[in-house]
Amino acid sequence: MKSTKKRMAAIVLMCIACGLCACGKKEPIKIASKPMTEQYILTEIMAQLIEDGTDYEVEITKGVGGGTTNIHPALVKGEFDLYPEYTRSAWLNVLKKEEMEKDDDKLYEELLSAYDELGLTWTGLYGFSNTYGLAVRQDTAKQYSLSTYSDLAAASGELTFGGNPDYIELETGYPRLCGAYGMQFKNTVQMEIALKYEALKNEEVDVINAFTTDAQLAANNLVLLTDDQVFFETYDAGTIVRKDALEKYPELRGILEKMNGLITEDEMQQMNYEVEANGREDRDVAREFLENKGLLGH
Amino acid sequence: MQMIQILWERRVFFMTCLLEHIRISLTAVVCAGVLGILLGVFISGHKKLAGVVLGVINVIYTIPSISLLGFLIPFTGIGNKTAIIALTVYGLLPIVRNTYTGLTNVDAGILEVAEGLGSDGRQILLGIRIPLALPVIISGFRNMVVMIIAMGGIASFIGAGGLGAAIYRGITTYNMTLTAAGSVLIALLALFSDWLLARVQKAVNRRYGIE
Amino acid sequence: MNKAIEIRNVSASYGDHEVLRQIALAVEKGEFLVIIGPSGCGKTTLLKMINGLVQPVEGEVLVEGERLSACDLTSLRRRIGYAVQGAKLFPHLTVEDNICYVPGLDKKLSKEDRRKLSGKMLELVELPAELAKRFPRQLSGGQKQRVGIARAMAASPDILLMDEPFGAVDEITRRALQGELLALQKKTGITIVFITHDIEEAFKLGSRILIMKDGVIWQEGKKEELLHAPRDGFVKQLIGGM
């Protein structure tokens, strides 16, 4: 019928018009974060800097399960514009290199060029590392006089090791640790990241692999052992962003570069602690940090 | 209680999660409902296919939801879209099965009389078969809705919205209260929906002449 | 065409089991044909051949001159009233909606028309008008059966097929209904094919009676013919000490 056709045409025209209007307004910048406190805080810092310094809008997806494995493909596809990553995680999980590169500068250079081919780039590093460490309870440290990895190796025959599957399975993780220091633990247990600290507290395991900025270290009064042979490399944190996002949002690069060298390891651990042990919201902790640094309020 | 306190303090967060959970669940419910009923009607008319279709859906049902989500991610990305697809797939089973059972268990004598009186295929399906199968179909619908709401919690693990975000956030920030609060809200939402549908079911039963 | 129904050498089977064998039958317009016989003799199947619910394995069925195999069964059935054992009313429809079912298949009826039609039909089967808004589950067995008859007749069909329609009705009401049916038939000239197991009822109603056994017509004729010359002991026993 004629009138129905007219109505259909009108609706189609309206949709096109709306679509065009929506295109005029800039889409929000999409940030992803891994499911960990530290990343919730880092992405909040990013978002608040962007929203404070520009009139871009920001959308954070906090806690993408699977971490790099799921975020990276989505980033490449364009579902996200940027996210915080650790240099050597990218090296291992994205570029899938089998050998570790010991030189930090060489590593970064290679990362930049490899990522460039994917249409992505790093805007810089924040200034802290979140590296694999080994944690024990205070009493264990006292009992076996543990302060370094070598000390641990000596006592390893009487202790149980607990680690997350990624670490235990990865050639460059647990196997390499044991090989390098000659560790031979009485028993090895696999468990999820979030369960490790509980297990350690309950004495189900004696040693766990931890991240050096984990809030739970301070919260549970644990001892972080020193990598005395400096065998293990650092995982520096920085932002990975799509090159076309930098073009689409010209002010973005400047804002992101503000984060270079901004955060020390202590500061990061302190912020993690605020959220996990003191139950504060990541958003508030991030804002407080930025205000103290005088970076907000233009 | 700590949980009430956190629900109040982060009420904006919880409200956003709740609304999104409802949105995602509702979308999946509608998709699974429409698809499921159409499929159920189709196989009730083609009994040979019924075995195959029900078998396939049964197998899919046994796949753990995390696996299905993980399987979909390379194709449909992370976020709400994948969640809705996975939830729709899971929602199919109760609906298809109940629609099929309901339609095929209608009194054959009544269907024969309807045919003998001069009803054509469409009139029998729409006027007799489906109304008489409605109580069973609605019961399946009720199961499906509760299941989708509960399962929706997992979707947040792959970046979708919803109350699962509160649960996951709590786990990853070692904040058990947050996790508990999210779980309780999902349970309440599921219970409320079930209660609502129970009343719908009663009304339908009354209208369609079943005690 | 004077013949309302013609059944030409029809055989029917359910799977391997032969239910009807070489049935030949002609029903004149306005006849009241009663079919009687022991269970399993095929009488219900024979009835169902007339409105095409059962297809013959061989032979042909004609209704009002039309071959069932070549006509639009659905529209034909709307001109044939059908009342079955146990009524089989639609449980999700009110009595009124059940009664108005067949007319409603062709076109939408107004509220007023429905009220009038169901009122008229309820009166015909001796039921109070208040029952119109009730649901079948609220009726007694006998009431359900009568609504079933009302439903069969609501569209004023030319032919009426009835399978033991008075089975669950009490004696007094049954006599009244039998009288109504006869009167209706005389007035409208409707053709009726009626199954019963009650020989008294058969004799009372039928202008012609068909006795069936083992899938064939064992004997047929008017009441007097059967009484005078029963074919064998079986028939004699059937018609009893009448």
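These legends describe close-up views of a predicted model.

**View 1. Chain A as a whole.**
Chain A is built from 15 helices and ten strands. Its C-alpha atoms fill a box of roughly 85 × 40 × 40 Å, taken along the principal axes. Chain A has 298 residues, and 41% of them count as buried. Contacts in chain A between residues at least 6 apart in sequence were also sorted by separation: 78% of these join residues at least 24 apart.

**View 2. The two domains of chain A.**
The domain assignment of chain A gives domain 1, made of residues 27-130 + 235-292, and domain 2, made of residues 132-224. The centres of the two domains, taken over C-alpha atoms, are separated by 27 Å. In the contact between them, domain 1 of chain A supplies 15 residues and domain 2 of chain A supplies nine residues.

**View 3. The side of domain 1 of chain A that touches domain 2 of chain A.**
Which elements of chain A each supply at least two residues of this side? They are α2 (37-53), β4 (120-129) and α14 (265-276) of chain A. The largest share, seven residues, comes from α14(A). By residue type, this side of domain 1 of chain A divides into seven nonpolar, five polar and three charged residues.

**View 4. The contact between chain B and chain C.**
Here 16 residues of chain B meet 18 residues of chain C. On the side of chain B that touches chain C, the elements giving two or more residues are α6 (108-116) and α7 (121-155) of chain B. The largest share of this side, six residues, comes from α6(B). The residues of chain B on this side divide into seven nonpolar, six polar and three charged.

**View 5. Helix α6 of chain B.**
Which residues of α6(B) are buried? They are V113(B), A114(B), E115(B) and G116(B). The buried residues of α6(B) pack against α7 of chain B, and also against α2 (73-77) and β6 (80-83) of chain C. The partners of these buried residues therefore belong to both chain B and chain C, where a contact means C-beta atoms that lie within 7 Å. After α6(B) comes G118(B), whose phi is positive, near 110 degrees.

Key
Residues are numbered from 1 along each chain as its sequence is written. Chains are lettered from A and ligands numbered from 1 in the order in which they are written. This is a predicted model: local features need pLDDT of at least 70, side-chain atom pairs count only at pLDDT 80 or more; totals for chains, interfaces and linings use all residues. Two residues are in contact if their C-beta atoms, placed from the backbone, lie within 7 Å. Helices (H or I, at least four residues) and strands (E, at least two) are DSSP runs, numbered from the N terminus. Ala, Val, Leu, Ile, Met, Phe, Trp, Tyr, Cys and Pro count as nonpolar, Asp, Glu, Lys and Arg as charged, and the others, Gly among them, as polar. A residue is buried if 20 or more other C-beta atoms lie within 10 Å of its own, exposed if 12 or fewer, and partly exposed in between; C-beta atoms are placed from the backbone. Domain bounds come from an automatic or database domain assignment.
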